[in-house]
Amino acid sequence: MNDHPAISWNRRVFLAGGGLNLGALALGSLLRGEEKALAHVAPKARRVIYLFMHGGPSQLDLFDHKPGLAKWHGQELPPSVRGNQRLTGMTSGQKSLPVAATRFGFDRHGPGGAWVSELLPHTARVAGELCFIRSMHTEAINHDPAVTLMQTGHQQPGRPSFGAWTSYGLGSESGNLPAFVVLISRGSAARPADPLYARLWGSGFLPSNHQGVSFRGTGDPVLYLSNPPGVSAETRRDQLDAAKALNQVQQAGQQDPEIATRIAQYEMAWRMQTSVPDLMDTRDEPDSTFADYGPRARVPGSFAANCLLSRRLAERGVRFIQLYHRGWDQHYNLPSDLRLQCGDIDQPAAALIRDLRQRGLLDETLVVWAGEFGRTTYSQGKLEPANHGRDHHGGCFTVWLAGGGIRPGVVHGETDDFCFNVARDPVHVHDLNATLLHQLGLDHEHLTHRFQGRDYRLTDVHGRVVREILA
Amino acid sequence: MARIPYGVLVWLLFAGPVAGGVDFNREVRPILSELCFQCHGFDPAARKGELRLDERAEAVKSAIVPGDPAMSEVIRRLTSADPDEVMPPPKTGKRASPAQIETLRRWIAEGAGYDTHWSFKPLAAGEAPTETSPGWARNGVDHFVAAALRARGLSPAAEADPATLLRRVTFDLTGLPPTVEALEAYLGDRKPGAYERAVDGLLASKHFGERMAVGWLDAARYADTNGYFGDKTREIWPWRDWVVQAYNDNVPFDVFTIEQLAGDLLPGATVAQRIATGFNRNHMVTNESGAIDEEYRVEYVADRLETTGAVWLGLTVGCARCHDHKYDPLSQREYFQLFAYFNQAEEDGLVREDSPPPVMDVPDAASAEILAKLQATRERAETEFEAAMVGHRPAYDLWERSLAAESPVAPARGLVAKIGFEPGETVARSVGTAAEVAGIEGRAAVFDGMQHFELPPTTKFESDRPWTIGWWMNPAGSLSGVLGKVEPGGARRGFEVYWQKGRLHIHLIEDWGIKAIELVMTETMAGGRWHQVAVTYDGSGRAAGLRLYVNGRPAAVETRRDSLDGTISNGEPLRIGRRDDGLGYYGQLDELRLYDRALSETEAHDWWWGEQSRAILAVTPAKRDASQRALLERAFVESRPEADLRDRHRALEAARSAESGFRRRLPKTLVMRERETPRPTAILARGQYDQPGELVHAGVPAFLPPLPRDAAVNRLGLARWLVAADQPLTPRVAVNRLWQQCFGEGLVKTVEDFGFQGDPPSHPELLDWLARRFVDSGWDVKALLRLIVTSATYRQSSVPTPALLAVDPENRQLARGPRFRLPAEMIRDQALAASGLLSPRLGGPGTMPYQPPGLWEEVTYDGEETYIAGRGDALWRRSLYTFWKRQLPPPALQTFDSPTREKCALSRARTNTPLQALVLLNDETYLEAGRALAVRVRDMPGDDGAKLSLAFRRVTAREPSDRELEILRGLLTRQRERFRSEPGSARDVIAIGASPVGRDLDPVELAAWTVTLHTLFNLDEAITRR
């Protein structure tokens, strides 16, 4: 691998295998712009904005319309359709699995005629920019393993997250922001939101400087960013200068490259104290921005505010921007809760696409909208006249991609008439991840890290680039 | 494939020509492993072209012509320009380098000799080289190192200066900086052996065990929460304390091993030996409702096996779970033979309890004594009460007979509706069909989320009028909608009750999440049992007007919201067995009553007791359980006029509740316990829980020494085998980690992989010599550490010459001392120790030091968990005690590269990032430490310079130079001026941290000193151990 003709990977290999004392080498691998490994293949996207809908949005109420299901409404899901798919412990004991047709209206949008639900009117209007993959599938059927698989390529903890791999593979383009930023928002659904875990943006066995840095809507936007009470910028600068002078005294005698790195990182911390608040402060945005993203974009920590921030992060060269919007787990009260969740995300997500397009950033920014799985065609619990729920479903679900060299306005893959099984062009989670890496210029089979004697990859030993959706 | 026993294997692999100039293990195997073994190695399923290169006999059949590289297909393929021919195939992204090809050429020319993998060979008998390095070598370690240095034309560095050396060894052995007193004692000790005496003192320190435990906790993936999904808090800290104590007691490593892997199986296992087995319970567990039990149970067993494999054998066992190992000679069958040892625990995959069983009580000596007293008191009270009751038996029988008629009935006044869930009843409309079973009175309805009962929308639940609703419930499952008259969407106006993991949640909602009263029980009700619940409301619109009774007594509740200011009325029906029109109820319901007034506490009690007593009486006396008998007994006694009888009974109840309450509060710890009947173990195809194949018996891999003939077929047999005299891996692996602790890296850099893919040792003979010494000393950990840290090698200065830095940047040759950034815990502990804040207390439950607010809410289920920093010395305990929540590990420790504790971790990265700077600059821990240090030096004699020097010394263990002092003095002077002009800022600075600020201190002066000394914790030197 060291001598692979297409890449200049040597320094990385040294990082990976060359011991743990990373400081000097890692100078700026968190933040420094000029440090970039050359890509394996010509990159189409320079960065990713990943809109993660945590909980598992219902594909059949949002994108994968099955008008034919209306006549099955209330009838048992045919056993031949269910086949031998695993059900979760929540409905495996349910005696009846009645089909619940969607209660929402659908229309076709964009040049590809993609079905989009009435719950997502803004998304529908940008459908021409989106590539829908309706044939996603995963073997995980519960949140913890499914979301861990989506984000780390493995159902069990311990592997680096997608953003960490990207940081590791490509470094940062930003001079004063991390390569990998995480933004979390809470959904409006009445149902309690399922938990998240730091491992989803962790670095696994990669050095910890590749882990995602959470930018928060309340408190310090980055942990420990603000000077403590009573410590002014002037005092802080004085402290930093003294520390620098003392470190330099040591540097002369110690022959330790770590000291130079330490001095540089303290300066970087100082700059972050300005650059991060500047980033988070959206008062410099014109009113039209808030008209586009919606009024909640003014509420820190909301999905809308996070979408706006993600554009600002993209402009500043952050490599991987990971949003989580919680609350998509509609086991019951699906009609009301799904509407609330869609209300949270529809306008800002569409505004983000338009905004990136207008600024000329969409072509080099890959936007991903995905949950960890889909939901069942059958009702969880009782199918009421005006209400029902849906259980987790790994057999098929829909994600959409935009920008970053993905073909816009297309629909890829197909599910069966019951929206229960993939009927055509299956795309596994590993295939999706291989494709995303490919667009970033990284060959998923070559982006590896030696750990415990094995060369690990984001895609484990699987994955196929879905070339059909590449522009 | 036929498996070849260990001895034969060794013989076979030696059978080729004796290796010549090229060292097979060091030079050739890594190349073959990296480039070839994945398809031409041990795993037959992955093997391509029926070629294997991991065994000489096979390799020389076609691919290798010993003595003739030019005729060897291996070389031709590696160097081919044809993309269809070249190996490895281009799609792997791997290609042999010219240097690698040259090595292989020479190796083949020399006869292509193979050799047993170095770490699988028995330990060399190994004497240290006799050739010494006069005037330098201090013990055997140095002879090996000096010989290697000489061979490379290098020479060792001078000894580190005494202060640096003492700081180094104090961190390495105790995780703390030396105190100024220890430093002065050491510098003043001019007698020979001063250093060795200092080392002995450190090894004897109680902080030794704390330092050692950190690495072991990483290895054992110790944490205070369950990790998956809900990430509930578990209790297993007694195991952590056992580890600290074991290190302090210098428990031999073989005993340490056996007790942790199989302490429960030792004859007459002690409490401590059973606590030790928590090692294998530290893995994560899930409580996610939909999880499939067996899927996770298999993961737990696999985690135990893989952790054990890495920690003791240095093998990546997990690679053989789905298929034979691609590199090492471990088959999938052997994986499952090892799996069988750990497959016998009595446990579930989907856990229900926060601390999943098996769990044991861990009373310390004082608690055990108290418990014995409480038990004796309770027994005495029982005897006395029984004695007092003897004379009352006839009266009791009469009372019981009359009870059915005399026991109270539920109030009649204000009754709006009563549902008995009897067949044919028409009070409520039934939606869906509920099964029926025997209930509290007559029949009860059974719910599985698919049915409910309805009262019409006209049923009154208003916020400005009183009402009461009560019912009997026997809940199942973890989340259930009990009843509600609530809108399913929008503002969700209405009233609802749901049951979640043992707690009732009661909501009166005007606008969901904004204007509402939200109550939740603080104690839990057991599932699978009947409870009577009554909710009374006085129409006040306030949480205080809403009361919850469980079994006739007021239940403790927490008010989560109290912001109702309008109506809760709606057009929904009252749904019984459903929250709104979504979440259904799981379990049984009976005897529901609705009133248009708020019942009193007495009424609530009588209502419960009437129905409860009649339900008990309906059971024949012989079949009543203890709780039913106790309820009758209490009612009888309370009905009697004899004060003495009542007193005795009350004494008995008090004694019972004191004992059970004390037991509940005793520390618990997760332990291992075997099932009564062994669980068969099958080879799982692709490692999948639902694809069992052929059954296997417990056993060990063939390439390692065999089990003794009489070995127990359980974990104890396996544990003893791991530390048997002929085990080649365990001592090498263990010694290597101890070396890593002192040198920053192991002699084998890949501490977790001693297999083919691992790095070969930098000093193989030294490693074997240490391992042999370790075993021969009776696995004496302290003795081995002493040997390492008293070597001249360890005592070298860590400052390299530029030339040395250029030729050996990683210090693999050990021509200088080790230098590296401190581990996360030591950085914080040093600040606490240097400032005098550090609590010296050992052990106990996880502590919660400062942490920025809001972090747990962002990720926990429904945001329902909040981190609450501890009080008093809980804020200043050593970092190894910090409460470890896997879902969101302690952020400041994570920033300094601590592992997540989700999986076994045997080494840590050492990064150098701006986020670390932010922690040291802005975490209140370090500001507070600066202030405490300032207070500490304030009263010392001398001028500013003397005080600055003292503080400097407490952090770095050395005197500052004039230049350094000048820099600090300048900072102090400028900050004095600034705070003098901004006294408010001064007060803010000194208010940081919970430790008290002396009232007599001048805020301006203290703030200036605080900021100046806080700067010390930010120096590279402070966080580096040189």
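Predicted model: local features only at pLDDT ≥ 70, side-chain atom pairs only at ≥ 80, totals over all residues.

Me: Why is B:Asp348 called partly exposed?

Reply: Its relative accessibility is 41%. The label covers values between 20% and 50%, so B:Asp348 counts as partly exposed. You'll find B:Asp348 in the loop between α16 (332-342) and β1 (359-361) of chain B.

Me: And what makes B:Asp348 part of a negative surface patch?

Reply: Patch members need over 30% relative accessible area and no salt bridge, and like charges are joined within 9 Å. B:Asp348, with its 41%, forms the negative patch together with B:Asp293, B:Glu353 and B:Asp354.

Me: Okay, now helix α32 (residues 924-938), where B:Val935 sits. Is B:Val935 buried or partly exposed?

Reply: Partly exposed, because its relative accessible area is 31% and buried would need under 20%.

Me: Which residues is B:Val935 in contact with, leaving aside neighbours within four places in sequence?

Reply: B:Leu1001 and B:Leu1006. Contact means heavy atoms within 4.5 Å, so that's the test behind those two names.

Me: How far is B:Val935 from B:Gly420?

Reply: Their C-alpha atoms are separated by 72 Å, and the two residues are 515 apart along the chain. For scale, the C-alpha trace of chain B spans about 105 × 80 × 65 Å along its principal axes.

How values were computed. Residues numbered from 1 in each chain as written. Chains lettered and ligands numbered in written order. Heavy atoms only, no water. Patch = residues over 30% accessible without salt bridge, like charges linked within 9 Å, V, L, I, M, F, W, Y side chains within 5 Å. Areas by Shrake-Rupley, 256 points an atom, 1.4 Å probe, with all protein chains shown as cover. Salt bridge = Lys/Arg side-chain N within 4 Å of Asp/Glu carboxyl O. Lys, Arg positive; Asp, Glu negative; His and termini not counted. Charge placed at Lys NZ, Arg CZ, Asp CG, Glu CD. Helix = DSSP H or I, 4+ residues; strand = E, 2+ residues; numbered from the N terminus. Buried < 20%, exposed > 50% of the residue type's maximum accessible area, 1.4 Å probe, protein only.
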